[in-house]
Amino acid sequence: MTLQQLHYLVEVSKCQSITVAAQRLYIAQPSLSKAIKELEKEFHITILERTRHGVSFTVEGMEFLDYAHRILEQVNGLQNYFNPETKSNKLSLTVSAQHYMFSIDALTTFVKQLNKEHNYTIVFNECRTSQVIQDVLLGQSQLGILFLSRGTNKFMKRLFAQKGIEFTPLRQFPPYVYLGHNHPLRDKKELTIEDLQDYPYIKYFQGSDSYQYAEEISVHGIQDNRLLVVSDRSTILRLLACTDAYTIGCGCLLPDITEDRILSIPLAGPFDLINIGWIHLKNTNMTPEMLQYVDMLEDSLDTLSHPQYGIK
């Protein structure tokens, strides 16, 4: 096995075609096919299934691809870290997260404290839950931010153990209802499931993923006969501000974003807690930037969970 072979394999996964991958790699198609077949022979597995429509990865092939991504990411990080041209003042931070305002607040604080002399690359990807996990698994993100509940805890922790991922909790919150400042329920001190029955419910898009990947905590009694499914924060904020729809979350609001348009009100009842935390690959070193950002996450959660922002 060589790094070049792993690089070839990753390029095939991006193109889903050996022909196209060979063109992008500037090598002959037979040479690329031979390199992958040599990998299959060396590890006694079938990585690719070849059809007249192209190629697809087998289950074993996907697992092998995961390792290939990790190895290449580590090699790239090693090269960048010890590059004499960038070692002294180049820093990087890559984060994937569910749609949380506190994570943006922490990112803003992180960027503001950077010195002008720094060279840096910061990547922040808000995405659905499975993508957060996949980004961390493949080394595309150093940190992932998501939540666990009693309902998803067993499933997620088993998944993390299988994938070599470690979850570190940050804070726990009871569920809060987000709604617009003109909503008929805006003046209530707390809300019940019965109060919400007549209003549309908004949730984040998770594709065909299991319900255990949902960004919203499971609350028994929530009606889904009027359901809005969205994929980005701006859409959900617009819907909350301009309609009678609602959603459920940890209650943290960022005044710079929500201004006076969105409220968070406690949901009454003995419901599950939202256990927010971060994930990273086990047995990998935490860089100073990762540690600093985690500290800022904690500070942001403490600040935005103050009663004046809707959390008690």
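**A close look at the spaces**

A: Of the 312 residues in the protein chain, 46% count as buried, where buried means under 20% relative accessible area, exposed means over 50%, and partly exposed lies in between (1.4 Å probe, protein chains only). Keep in mind that this is a predicted model, where local features need pLDDT of at least 70 and side-chain atom pairs count only at pLDDT 80 or more, while totals for chains, interfaces and linings use all residues. Residues are numbered from 1 along each chain as its sequence is written, and side-chain values use heavy atoms, with hydrogens and water left out.

Now for the overall layout. The C-alpha trace of the protein chain spans about 70 × 50 × 35 Å along its principal axes. The chain has 11 helices and 12 strands; these are DSSP runs numbered from the N terminus, with helices being H or I of at least four residues and strands being E of at least two. Take the contacts (heavy atoms within 4.5 Å) between residues at least 6 apart in sequence: 78% of them join residues at least 24 apart.

How about confidence? The protein chain averages a pLDDT of 88, and 94% of the residues score at least 70; pLDDT is the predictor's confidence in each residue, from 0 to 100. Strand 5 (residues 143-148) has the highest confidence, at 96, whereas helix 10 (residues 255-258) has the lowest, at a mean of 80. Over residues 306-312 the pLDDT stays under 50, and the model has 18 contacts for that stretch beyond four places in sequence. Where pLDDT is low, the predicted coordinates should not be read in detail.

On to the spaces themselves. The search runs on a 1 Å grid over the protein atoms alone: a cavity is a set of points where a 1.4 Å probe fits but cannot get out, a pocket is an open set with protein on both sides within 12 Å along at least five of seven lines, and lining residues have an atom within 4 Å of a point. Grid points are joined across faces, edges and corners, and a volume is the space filled by probe spheres set on the points.

The whole structure gives 1 cavity of 30 Å³ or more. The largest cavity holds about 300 Å³ of space. Its lining has 21 residues, and H99, Y178, Y204, I248 and G249 lie nearest the centre. Helix 5 (101-112), helix 9 (233-242) and strand 10 (246-249) each supply at least two lining residues, with helix 9 giving the most, 4 residues. By class, the cavity lining has 14 nonpolar, 4 polar and 3 charged residues. In this scheme Ala, Val, Leu, Ile, Met, Phe, Trp, Tyr, Cys and Pro count as nonpolar, Asp, Glu, Lys and Arg as charged, and the others, Gly among them, as polar.

Next comes the second largest pocket, with about 490 Å³ of space. That pocket is lined by 27 residues, and K203, Y211, A214, E216 and S218 sit nearest its centre. Helix 7 (150-163), strand 8 (201-204) and strand 9 (227-230) each put at least two residues into the pocket lining; strand 8 gives the most, at 3. The pocket's lining residues split into 12 nonpolar, 10 polar and 5 charged.

Y213 lies in the loop between strand 8 and strand 9 and is buried, with a relative accessible area of 14%. Leaving out residues up to four places away in sequence, Y213 touches Q98, T129, S130, I133, F155, M156, L159 and Q206. F147 is 66 residues from Y213 in sequence, yet the two are 9.5 Å apart in space, C-alpha to C-alpha.

A few other local details round out the picture. Y26, in the loop between helix 2 (18-25) and helix 3 (29-43), has a positive phi of about 60 degrees although it is not a glycine. Y26 is exposed, at 76% relative accessibility. H44 sits in the loop between helix 3 and strand 1 (48-51), and H44 also has a positive phi of about 60 degrees without being a glycine. H44 is exposed as well, at 72%.

Finally, the cysteines. The model has 0 disulfides, a disulfide being a pair of cysteine sulfur atoms within 2.5 Å. C127 is buried at 8% relative accessibility, whereas C242 is partly exposed at 47%.
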